[in-house]
Amino acid sequence: MLIAALVVALACTNAAGALDAQTVGKLGADDANTKNEAVNALVASGDEAALALLQSVQAGEASVTPAGRVVIVKGDQVFDAATMAPITPPPDQFESIVINNRLRGTLDAAVGALKLLSPDRATRLASARAIESTSQAAVLPLIEKALSKEGDPAIKSSLEQTKASLNLKSTDPAVRLAAVQKLGETNQARFKTVLQGFFEKDSAGKFVEPDEKVRSAAENSIDTIQSRLVISDYLGRLFTGLSLGSILLLVALGLAITYGLLGVINMAHGEMLMIGAYATYITQQLFKSYAPGLFDWYLVAAIPVAFVASGLVGMALERSVIRWLYGRPLETLLATWGISLFLIQLVRQLFGAQNVEVSNPTWMSGGIALPNLVLPYNRIVIIGFSMFVLLLMWVILNRTRLGLFVRAVTQNRAMASCVGVPTVRIDLLAFGLGSGIAGLAGVALSQIGNVGPDMGQGYIIDSFMVVVTGGVGQLAGTVYAALGLGVLSKFLEPHIGAVLTKILVLVLIIAFIQKRPQGLFALKGRAVET
Amino acid sequence: MKPENPTLRYAPRSEPFFTRGGWIALAGFAFITLILLPSLYVFVPDGHPLHVSAYTVTLVGKIMCYAIVAMAMNLIWGYTGILSLGHGVFFALGGYAFGMYLMRQIGADGQYRANMPDFMVFLDWKEFPWQWWNSDQFWWCALLVVLVPGLLAFVFGYFAFRSRVKGVYFSIITQALTYAAMLLFFRNATGFGGNNGFTDFKRILGIPITTPGARMALFAITAAVLIGTLLLGRFIVTSKFGRVLAAIRDAEQRVMFCGYNTVHYKLFVWTLSAVLCGVAGALYVPQVGIINPSEMSPANSIEIAIWVAVGGRGTLIGAIVGAGIVNGAKSFLTQAFPEVWLYFLGLLFILVTLFLPQGVVGVLGQIRDKLRVRKLARTQPAKAL
């Protein structure tokens, strides 16, 4: 029947304009099977008029007159389905054609497949992608036809895959063999599953696939797909690991400064993130109301806003609370915890306990599609952003006078003070800097996670672990520790689950500081016992 | 950056508790909690002005459990200078260990009428996982209450103290410990009821748990344990061992140079503190009637520190006073002004560390000292100098 349809199809292509009236007439049949056949025959014709007709049928515009004539009803006007010529006077009686689920499936595939012949490349590509997972063998002749004309390699390979996957059900072992081999060249996980189906046995104990040769080819194909999948799987884990690592890095950089410099844990560090994220939210709302045209760039404007907001709050805290507790790290820890509770409740009352919505700018949605792997733009942007912040930190710490002072105070506070470094001012500025960096991290987090009053709570432990592992006083330690922990977590996660990964990483860190209590990159020289 | 060790500055000058008045106060406390309150609850009929409601008994019982935890925290933080932000895990482990027994005591009276805890039926488990071995035996669970927190603390402390993890490092790592444990207990697969934990207890040692008699007994036992903890604390603090602990707090390096192996001292008091928390947890669960992983949340553990700080670090009764004040305020505020509670708690953390480093008891002590000096100056001017 397929070959017959093909012949009909080829014959019909030239006779564009009117469709075969007999085939169109079958659409009006009561029997669903006949209707299906008609649709398939129309698809095989590959006619543009067929596309228009089938779309009308899909839209429920097709009706049938009591005489059995199929018509298309658009508003007041009635057209003949085969010729699309208006019928005057319109028939006074008609009944719409019933579309059941099966017919709808056939129609969807048919309409999709017909677009394969569109002159527009984008339409063809979209159509080729859309029918990739179809199981309607009826579109096969159309695919063949499209393939013979197609010049675009991407569309061609997509169509060849679809063709091969449809050919798997062919009755001819040679066709199946070719299809199986073809699928081995792809790298899609779903074909692996399909091919594995060949090795299942039916109730009689026979393989579903009777041919020995096809089975062994299928085995080969599965192996090649598998090896490609493993590679993309590892690439994916590496990417998510780097992404997690870059977030950890952003969060930990600020903490590394305040902890390295002042020897205090700022438990309100997570709330600095939260303030940065809410600053992003406010900027977004302002852009929405006052500059909707520039909305896509609100995030760029949010970066300095968040930095300044968190930095100022940080400096205020240093002045009002933390300053009085220097030399009493445990008390500082408790006091800053109190500050964090206070800030959480404050934000909860100002903005509500619910998460607020911060949307991605359009240029950050979507991603780079690799085979079996999508790298979202927002993650990529965040990795880039963390590198930018890192660079900024490096420049500040190593190329400015403030940085020189900060490093001096970190290494030896008493001596730095002796040679004239204004340690009190440096403490204030460094605390502001660390908090500001946390605000930047908040901007990044607002793009990938929820923005709510207690969003910062979960990060303090993770980021402190990074600081502990990396050691204080050098950026390199923080960088290696953050990226290392991120990638390690993501490589462990698929094997033992997220919770056990967290626990295992914690145990590893505790074991690690047994060996190197000062972290990966300790400052050289005598460590001053505190 | 290091001036002299700041803790020295507000080390308590005297222990008001060791005076004769202190002993009388303790006897009074014992009388009230062991005899007066329970009998007012059980024997005075409902509606009588002197009747104590079940709510009050549960609340005071709960606060006494917290007070034991605060005592344990005080031993390790107030006297040894090690701030743990993970004591919640020991408390919860003790609670879970005893909770297992209470779950087994439900028997077939659960929702599903099966001879297994409801959540296991729900998860379609056919037999008890290994953690539950022997959990229908009271003695075994009572043993676990002590062993599990003790063992965890010992192993964790051994590695931490051996590599001289101290100060904020130690604090954060203990916080990570309780956080990790919370995540672990949230999983259904861990075998302890996941999210919901244990609840709906029916009886203890075969006695229905909601009867006044059972409540009263639990209350009195808790009070007795609290008094015991206080006496144990006093014994430790006044012994030579306690002197070494205080020395470790004030100048660990010097203690080491004197030839003491500080790891042993710290490890002992750390493990003891964890065991006390476990016992408190075990007493808490039957009274409050629920235990779930949120007990292990880092926020809960850090709150323990503020109880001690409010009451007064390094003073024996400070911990009890602090636990009472903070938790009393909590149960009042969270009901009357729920949105104010976090402000209150946050400010408490800030203000106490800034202005009340010695806590309430310390301030009272200061006032009393001042009064005594003034009195002395009046009567014997020469001595007062």
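Predicted model: local features only at pLDDT ≥ 70, side-chain atom pairs only at ≥ 80, totals over all residues.
Q: How many residues of chain B are in contact with chain A?
A: Let's take the two sides in turn. Chain A brings 43 residues to the contact. On the chain B side, the number is 46.

Q: How much area do chain B and chain A bury between them?
A: Carbon and sulfur atoms account for 75% of the buried area. The figure for chain B and chain A together is about 4,300 Å².

Q: Which residues meet in a salt bridge across the interface of chain B and chain A?
A: The rule finds 1 salt bridge across this interface.

Q: Which helix gives the largest share of the side of chain B that touches chain A?
A: Across the interface there are also 4 residue pairs in polar contact, with both residues at pLDDT 80 or more. Helices H5 (138-162), H6 (167-186), H10 (298-311) and H12 (341-355) of chain B each supply at least two residues of the touching side. The largest share is 13 residues, and it comes from H6(B).

Q: How many nonpolar residues are on the side of chain B that touches chain A?
A: Sorting that side by class gives 6 charged residues and 8 polar ones. The nonpolar count for this side of chain B is 32.

Q: Which helix supplies the largest share of the lining of the second largest pocket?
A: This pocket holds about 1,200 Å³ of space. Its lining has 49 residues, and those nearest the centre are A:Gly458, A:Tyr459, A:Asp462, A:Lys502 and B:Tyr179. By class, the lining divides into 30 nonpolar, 10 polar and 9 charged. The largest share, 7 residues, comes from a chain A helix spanning residues 498-515, namely H21.

Q: What is the volume of the largest cavity?
A: A search of the whole structure with a threshold of 30 Å³ or more turns up 1 cavity. The volume of the largest cavity is about 30 Å³.

Q: Which helix gives the largest share of the lining of the largest cavity?
A: From chain A, the lining has Ile510, Ile513 and Gln514; from chain B, it has Phe156, Ala160, Val165, Phe170 and Ile173. These lining residues divide into 7 nonpolar, 1 polar and no charged. The largest share is 3 residues, and it comes from H21(A).

Terms used:
Residues numbered from 1 in each chain as written. Chains lettered and ligands numbered in written order. Heavy atoms only, no water. Contact = heavy atoms within 4.5 Å. Buried area = accessible area lost by both parts, 1.4 Å probe. Salt bridge = Lys/Arg side-chain N within 4 Å of Asp/Glu carboxyl O. Polar contact = N/O pair within 3.5 Å; in protein donor to acceptor, adjacent residues only side chain to side chain. Helix = DSSP H or I, 4+ residues; strand = E, 2+ residues; numbered from the N terminus. Nonpolar A, V, L, I, M, F, W, Y, C, P; charged D, E, K, R; others polar. 1 Å grid on protein atoms, 1.4 Å probe; cavity = no way out; pocket = protein on both sides within 12 Å on 5 of 7 lines; lining within 4 Å. Points joined across faces, edges and corners; volume = space filled by probe spheres on them.
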